[in-house]
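Me: I would like to learn how to read a model of this kind, feature by feature. Please give the general idea each time, then the case at hand.

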Amino acid sequence: MTVTVGSSGANEVNDTIKTRMVKPLSLGHAPVKSPISDKLQFEVIDPHDLRESQIYDFIKFRNSQEGGVGGVERQLHGREGESIFHSLLMRMTNGPIRLALVRYIGDDMLVGEPATLLKTGDVVASNESRQTHKYSPEYMRSLIAAQTSKTMDELTLQFTNPDGTPPFSTFASIRDSVDGPLKPNGGLGFLILALVDRRLRGQSLSTPLLTNVLAMHHDSIGHDYVFAYGRLPELGGERLPSGEDELNALRTEARQQFEQTGKVEIQTLNRYVQGLLDGNGRDWGLGFHRKAGAHAICGIPYSYDDPASLNCGALVIYDLKELRRQARI
Ligand SMILES: CC(C)(COP(=O)(O)OP(=O)(O)OC[C@H]1O[C@@H](n2cnc3c(N)ncnc32)[C@H](O)[C@@H]1OP(=O)(O)O)[C@@H](O)C(=O)NCCC(=O)NCCS
C-alpha cells in the first residue's frame, strides 16, 4: 500500500503499514529562509520496499556530520560489533522505527564555508522516529492541559522524581525498547533525532523536515501525539550569547550545579526553559521544535547522556490534530 502525506487518515491503513512516500516537500507554515527550500524532496523509507542505496545514502550523510551531534549521536548507532546498516535495517523491519530523508533535487551547487559541492540527490536532512507505548495519548493530553493550571516545576515533578532522577522513561529506554513492529493507530510517536546538514543549518530546513515527519505519523500511522526530549545545548555551552544576561546567569548556575553534583536543579532548569519561552534568549535545541509547532511542557533534569545539554532536556509535545486543524501539517 502506498500512502501519501496528504491522505485522509489512519483508517486507510489496515493491519500492515507500508509507507513509501516520495513527493515534493510540503513546507507547512515553515518560515522559508533557505534558497533551496523549493528544491527538496521528502521520503520515508519503507522497510519492506527499500532500496539499499537509501540506507547507504543515509549513513553517508550521517557520517559526513560526525561530531555535530555530540553524545546523542554516539548513543544512536554503532552498537559494539554491529554494523549501522544491519542495526538500522533490523530496527526498521522488525521494530517500530521509521527513517525519513530530505534530498536536495536542484542543480549541483557550492554551499557552506569553505564551499563544498552539494549534488542533486544528496541527503540534506534526516529524522528517525518511532512508535512507543511508554505513555498514553491521554497522558500527553493531560500534560498539555495542565500547562494552564500547574507550574513548570510541578509538571517536571509529575514527570520525574523530586531529586531529578527519572522514574519516567529516559531517552535511551524509549529508543531501545522492544515494542515489536510498528502498528497503526496505537501508542505515540517519539522523535529520536533530527539532523540537518551542517552547511545548511540556520535556514529552517528542520521545519519542513518535521512538518512532513509529523504528517506521516498522523496520516499513515494514526498517531494523535508525537513527543520528544528536546536537547538544550546552549545550557552547557561555553559560549554565553551576549544580551542574554538573565539566561547567562542561569547557564552559569546550571554549570556549577552540574560540576558539583552531577545534575541540574529542577528550579534552575525550568527558569531557563521559561526564560526561553518568554523570549529572553535562544537555545536552538528548543527553538526548532517550537518553530515546528510543539508545546514545550517542562524541563527534564536527566533525559539522556548529553554533556552539552548538562544531560538536561525539555519535554515537547506535538498535538497532531491541533496542527492539522491549523493546516501546519
Ligand atoms: C537542530 C537542527 C536539526 C536544527 O535544524 P535547522 O534547520 O538548522 O533549524 P533552524 O534553521 O530552525 O535553526 C534552529 C536554530 O539554530 C540556530 N542556528 C543557526 N545556525 C546554526 C548552526 N550553524 N548550528 C547550530 N544552530 C544554528 C538558528 O539561529 C536557530 O535559532 P532560533 O531557533 O533561535 O531561531 C540542526 O541544528 C542540527 O542538525 N543539529 C545537530 C543535531 C541535533 O542536535 N539535533 C537535535 C536533537 S534531536
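Me: From which domains does the shell around the ligand draw at least three residues each?

Reply: First, the conventions. This is a predicted model, in which local features need pLDDT of at least 70 and side-chain atom pairs count only at pLDDT 80 or more, while totals for chains, interfaces and linings use all residues. Residues are numbered from 1 along each chain as its sequence is written. Domain bounds come from an automatic or database domain assignment. Here the shell draws at least three residues from domain 1 (1-134 + 169-223) and at least three from domain 2 (135-168 + 230-329).

Me: Which residues come nearest to the ligand?

Reply: A residue is near a molecule if its C-beta atom, placed from the backbone, lies within 6 Å of it. There are 19 residues around the ligand, and R201, G202, S206, W284 and G287 come nearest.

Me: Which helix gives the most to the shell around the ligand?

Reply: Helices (H or I, at least four residues) and strands (E, at least two) are DSSP runs, numbered from the N terminus. Helix α11 gives the most, with 5 residues. Both β7 (188-196) and α11 (284-291) supply at least two residues of the shell. In total, the chain has 12 helices and 10 strands.

Me: How many residues of the shell around the ligand are nonpolar, polar and charged?

Reply: Ala, Val, Leu, Ile, Met, Phe, Trp, Tyr, Cys and Pro count as nonpolar, Asp, Glu, Lys and Arg as charged, and the others, Gly among them, as polar. By that scheme the shell has 8 nonpolar, 7 polar and 4 charged residues.

Me: Where does pLDDT stay under 50?

Reply: pLDDT is the predictor's confidence in each residue, from 0 to 100. The chain averages 85, and 84% of the residues score at least 70. Values stay under 50 over residues 1-22 and over residues 68-78. Two residues are in contact if their C-beta atoms, placed from the backbone, lie within 7 Å. Beyond four places in sequence, the model has 47 contacts for residues 1-22 and 21 for residues 68-78.

Me: Is S220 buried or exposed?

Reply: A residue is buried if 20 or more other C-beta atoms lie within 10 Å of its own, exposed if 12 or fewer, and partly exposed in between, with C-beta atoms placed from the backbone. S220 is found in helix α7 (residues 206-221), and it counts as buried because it has 27 C-beta neighbours inside 10 Å. By contrast, T165 has 12 such neighbours and so counts as exposed; T165 sits in the loop between α5 and α6 (171-176). Buried residues make up 43% of the 329 residues in the chain.

Me: Why do the buried residues of α5 line one face of the helix?

Reply: The arc to look at is that of the directions from the helix axis to the C-beta atoms. In α5 (residues 152-159), the residues M152, T156 and F159 are buried. Seen down the axis of α5, they fall within an arc of 65 degrees, so they line one face. They pack against α10 (266-277), β9 (295-300) and β10 (313-319).

Me: What should I note about the backbone at P114, L310 and N311?

Reply: The peptide bond from E113 to P114 is cis, with omega near 0 degrees, and P114 is in the loop between β4 (109-111) and β5 (116-118). Phi is positive at L310, near 50 degrees, and at N311, about 65 degrees, although neither residue is a glycine.
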